[in-house]
Amino acid sequence: MDAEAPEAGLPPDREDVVAALLAHQRRFLSFLERRVGSRAVAEDLFQTAFARTLEKGGALHDGEGAVAWFYRLLRNALVDYHRRQSAEGRALEVEARDAHAVPEDVELKGVVCECLADLLPTLKPSYAELVRQVDLEGRAVPDVAREAGITANNAGVRLHRARLALKRSLERGCGACATHGCLDCSCKPRR
């Protein structure tokens with residue numbers, strides 16, 4: 001959001017508030033950027049807070065009071081942002097721990113449907129590689145994501161989509177065999 005003239009059509013008391021906030025825009029962005037480490041995130045937080053101010057800030061009449069109030073609003077936005085980041089980090093840690101906590105079942109690995117090997121190449125190459133590394137090799141999603149240059153969240157979404165696509169291919173190709181577990185696979189997949 002650029003520091004331009006206040007929005008047309010605002011009541012006079014809100015024009016002063018908007019003008020005061022826009023006059024301090026660089027300071028607000030600098031304040032946010034120091035705390036989040038990213039200009040883009042700082043701009044997103046500023047724009048969200050500014051929009052909230054336009055929606056709910058009609059009671060503010062004093063420009064300088066509006067600036068102090070807006071700093072409080074930005075501090076609250078920062079707290080919410082860091083809570084979200086912390087929650088995502090904890091969820092990824094749990095996912096990584098759970099991936100390593102499952103004991104390897106050598107017997108089960110030997111009976112994985114042979115159709116899987118035939119159908120894996122029919123997936124998008126990035127999806128097939130993700131399934132191979134995570135599900136067949138037992139690697140942790142965050143490790144695979146880091147090597148691929150994507151976020152762990154993005155890798156998790158891709159893995160979910162890849163598994164769904166593979167499931168559909170198995171059901172289409174193996175029919176009832178896939179529905180009942182493929183533990184004694186004798187079918188050849190139809191593509």
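Modeller: The expected span of a helix is 1.5 Å times one less than its number of residues. Helices (H or I, at least four residues) and strands (E, at least two) are themselves DSSP runs, numbered from the N terminus. The model is a predicted one, in which local features need pLDDT of at least 70 and side-chain atom pairs count only at pLDDT 80 or more, while totals for chains, interfaces and linings use all residues. Residues are numbered from 1 along each chain as its sequence is written, and side-chain values use heavy atoms, leaving out hydrogens and water.

Colleague: How many helices and strands does the protein chain have?

Modeller: The protein chain has ten helices and zero strands. Read from the N terminus, the order of its elements is α-α-α-α-α-α-α-α-α-α.

Colleague: What span should helix 3 have, and how far apart are its end C-alpha atoms?

Modeller: With 18 residues at 1.5 Å a residue, helix 3 should span 26 Å, and its end C-alpha atoms agree with this, being 25 Å apart. Helix 7 (residues 125-136) can be treated in like manner: its twelve residues should span 16 Å, and the separation of 15 Å between its end C-alpha atoms agrees. After helix 7 comes glycine 138, with a positive phi near 75 degrees.

Colleague: What is found at the start of helix 3?

Modeller: A polar contact is a pair of N or O atoms within 3.5 Å; within protein, one must be able to donate a hydrogen and the other to accept it, and residues adjacent in sequence count only if both atoms are side-chain atoms. Here a side-chain oxygen of serine 38 comes to within 3.4 Å of the backbone nitrogen of alanine 40, at the start of helix 3.

Colleague: Which residues are buried in helix 3?

Modeller: A residue is buried under 20% relative accessible area, exposed over 50%, and partly exposed in between (1.4 Å probe, protein chains only). In helix 3, the buried residues are Ala42, Leu45, Phe46, Ala49, Phe50, Thr53 and Leu54. Arginine 52 also has its place in helix 3, but counts as partly exposed, at 38% relative accessibility. In helix 7, Tyr127, Ala128, Leu130, Val131, Gln133 and Val134 are buried. Of the 191 residues in the protein chain, 33% are buried.

Colleague: How many residues does the largest nonpolar core have?

Modeller: A nonpolar core is a set of buried Ala, Val, Leu, Ile, Met, Phe, Trp, Tyr and Cys residues joined through side-chain atoms within 4.5 Å. The largest one has 25 residues, and Leu21, Phe28, Leu32, Phe50 and Phe70 have the most contacts inside it. At least two residues of this core come from each of helix 1 (12-23), helix 2 (25-36), helix 3 (39-56) and helix 4 (63-101). Helix 4 gives the most, namely nine residues. Another core, of 20 residues, lies apart from it and includes Leu123, Val131, Val134 and Ala155.

Colleague: How many aromatic pairs does the structure hold?

Modeller: A pair of aromatic rings is described by the distance of the centres and the angle of the planes. Rings of Phe, Tyr and Trp (its six-membered ring) pair if their centres lie within 6.5 Å; planes under 30 degrees apart count as stacked, over 60 as edge-to-face and the rest as tilted. The structure holds six such pairs. One of them joins phenylalanine 46 and phenylalanine 50, which are stacked at 5.7 Å centre to centre with 25 degrees between the planes. These two phenylalanines are about one helical turn apart, because they lie four residues apart in helix 3. Both phenylalanine 46 and phenylalanine 50 belong to an aromatic cluster with Phe28, Phe31, Phe70 and Tyr71.

Colleague: Where does the charged end of lysine 124 sit?

Modeller: A charge sits over a ring if NZ of Lys or CZ of Arg is within 6 Å of the ring centre and within 35 degrees of the ring normal. The charged end of lysine 124 sits over the ring of tyrosine 127, 4.7 Å from its centre.

Colleague: With which residues is serine 169 in contact, leaving aside its neighbours within four places in sequence?

Modeller: Contact means heavy atoms within 4.5 Å. Apart from those neighbours, serine 169 is in contact with Leu119 and Thr122. Serine 169 has its place in helix 9 (residues 152-174) and is buried, with a relative accessible area of 10%.
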